[in-house]
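Please read the numbered points with the model in view.

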Amino acid sequence: MRRWIIVLLGLAAIAGGVFVWAPWKTAAAPVPRPLNIYFTCDTSGRIEPCGCFTGQMGGLTRVSTALKTVTGPALKLEAGNAIAGTEDFHVIQYRHLLRAFAETGYHAVNLGRREAKLPAATLRSVASGSPVPLVSVNVLDASTRQPLVQPWLVVNMEGLRVALTGLTDPARLQGAAGAGVEVAGMTESLRSILPDLKSKSDVIVCLAFTDEAGLEALAKEFYEVPIFLGGDVRQPSSSVSRVNQSLVYATTNEGRALAELHAVFDPQKPGLTEVRGQIKLMEPRIPQDQNIAAHSVAYRKEVRSAVLSMDSEAASAANRVPGVKPPSSYAGSQTCAGCHPKTFQSWSASKHAHAFESLLHRDSDADPSCITCHVTGFGEDGGYRRAMQGKQMINVGCESCHGPASAHVAERSRAQPGQPVLAKMRPVGAGQCIQCHHGEFSRPFKYEEFWPHVAHGKEAP
């Protein structure tokens, strides 16, 4: 009887336009949700291109401009090797880069090979002050075997819960990890957190700094992880790969390539559907975001006043053979002019003789990343030091290519006419030039085309 009363009341309510809660009514089926991911890898401290050559690509400045066109919820990630190196000035730059990542809207930055070579104390310090989460489940404190940074996190993308974690391949570490750091195996590390990731998310994304073979091996082992993004590769993937039940995609190239991965998560279907990927090159025609460029300006300002390890006297002696004094030191290009006036005149008219000026235009004259190729003998005995502040040993001088000349000058000064000089200077070929003229700094470098601009040879005594 009660059942008929409920039915009659329901019909009456419908007729009267009144909503009645129906406890027997089933819940609405979950709807498919889009998953849009934008990621970089191997940014290598490239907040902006250095600007010492025209047509340079990339930079987080251009990535930021490209990402501003994105509409709707999207994950923004860095798959590892964001830092340029392991020196103290690289760490200073890394902190500014992380602020730039945060301003660009990145959700996480994975630790790569270079980050794993930093001391454990440095990683903890950087992570504690970073405005964007650093993630890695297998870069550990060697004493406690606990992750040095956040092992994973969950991002809510308008109702879609996405778990993010990170790995770096110990087999591709290229040397020892940093002091107090252990890089554990990728498989066992990911397996240890997988139950938590599965219970707290709808989709798992693993940032893995490893090569193509490493990405494929992970995908074959962990069908529960729908997406693996890398990595330690020579060039970006030509397309999204399906391995087992996972999607595998990779990019690289110092912030010159931005990868996009678009898919749909449908809870009623296995795996991700409607998958497509795209690699966008950060070409010079893409305007640079000046708000992001300001982080590069802040780095140059900080590094100018910083006391760096390379500024000490001990730094230039670090590579000496113990107890062996270098046979020669730097004498300066002006010293060469006395015996080689025509060559000196030719050099004075070349761009090599004005190389330091380009650093001044960019306020980069105190940045160790830039100084090496714009001065003579940076960091070596008698060579340029930051403390000289551009007053001596500047520009790409004679000894930049031919080596320290003090022994040659001394012997030539003592020699009698016709007497041979045994302290010879280093001959120069293309191999010497490409130490600075490579890649984007001279595109393309062809020795036979560049040499006429600086051509010189032996002069009669």
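How many cavities of 30 Å³ or more does the count give?

1. The count comes to one cavity of 30 Å³ or more in this predicted model. The volume of the largest cavity is about 40 Å³.

2. The lining of the largest cavity is formed by Met310, Asp311, Phe378, Gly379, Tyr384, Arg385 and Arg386. Sorted by class, this lining has three nonpolar, one polar and three charged residues.

3. Two aromatic residues of that lining, Phe378 and Tyr384, also belong to a cluster: ring pairs link them with Phe356.

4. Aromatic pairs number seven in the model. Among them is the pair of phenylalanine 39 and tyrosine 249, which is edge-to-face, with 6.1 Å centre to centre and 70° between the planes. This pair links distant parts of the chain, since phenylalanine 39 belongs to strand β1 (residues 33-40) and tyrosine 249 to strand β12 (residues 246-250), 210 residues apart. Both phenylalanine 39 and tyrosine 249 are buried.

5. Aspartate 289 deserves a separate look. Its place is in the loop between β14 (272-281) and α8 (290-305). Is aspartate 289 buried or exposed? Aspartate 289 counts as buried because its relative accessibility is 8%, and buried means under 20%.

6. A polar atom of the side chain of aspartate 289 lies 2.9 Å from the backbone nitrogen of asparagine 291. Leaving aside residues up to four places away in sequence, aspartate 289 touches Thr61, Ser64, Thr65 and Lys68.

How values were computed: Residues are numbered from 1 along each chain as its sequence is written. This is a predicted model: local features need pLDDT of at least 70, side-chain atom pairs count only at pLDDT 80 or more; totals for chains, interfaces and linings use all residues. Side-chain values use heavy atoms; hydrogens and water are left out. Helices (H or I, at least four residues) and strands (E, at least two) are DSSP runs, numbered from the N terminus. Buried means under 20% relative accessible area, exposed over 50%, partly exposed in between (1.4 Å probe, protein chains only). A polar contact is a pair of N or O atoms within 3.5 Å; within protein, one must be able to donate a hydrogen and the other to accept it, and residues adjacent in sequence count only if both atoms are side-chain atoms. Contact means heavy atoms within 4.5 Å. Rings of Phe, Tyr and Trp (its six-membered ring) pair if their centres lie within 6.5 Å; planes under 30 degrees apart count as stacked, over 60 as edge-to-face and the rest as tilted. On a 1 Å grid over the protein atoms alone, a cavity is a set of points where a 1.4 Å probe fits but cannot get out, and a pocket is an open set with protein on both sides within 12 Å along at least five of seven lines; lining residues have an atom within 4 Å of a point. Grid points are joined across faces, edges and corners, and a volume is the space filled by probe spheres set on the points. Ala, Val, Leu, Ile, Met, Phe, Trp, Tyr, Cys and Pro count as nonpolar, Asp, Glu, Lys and Arg as charged, and the others, Gly among them, as polar.
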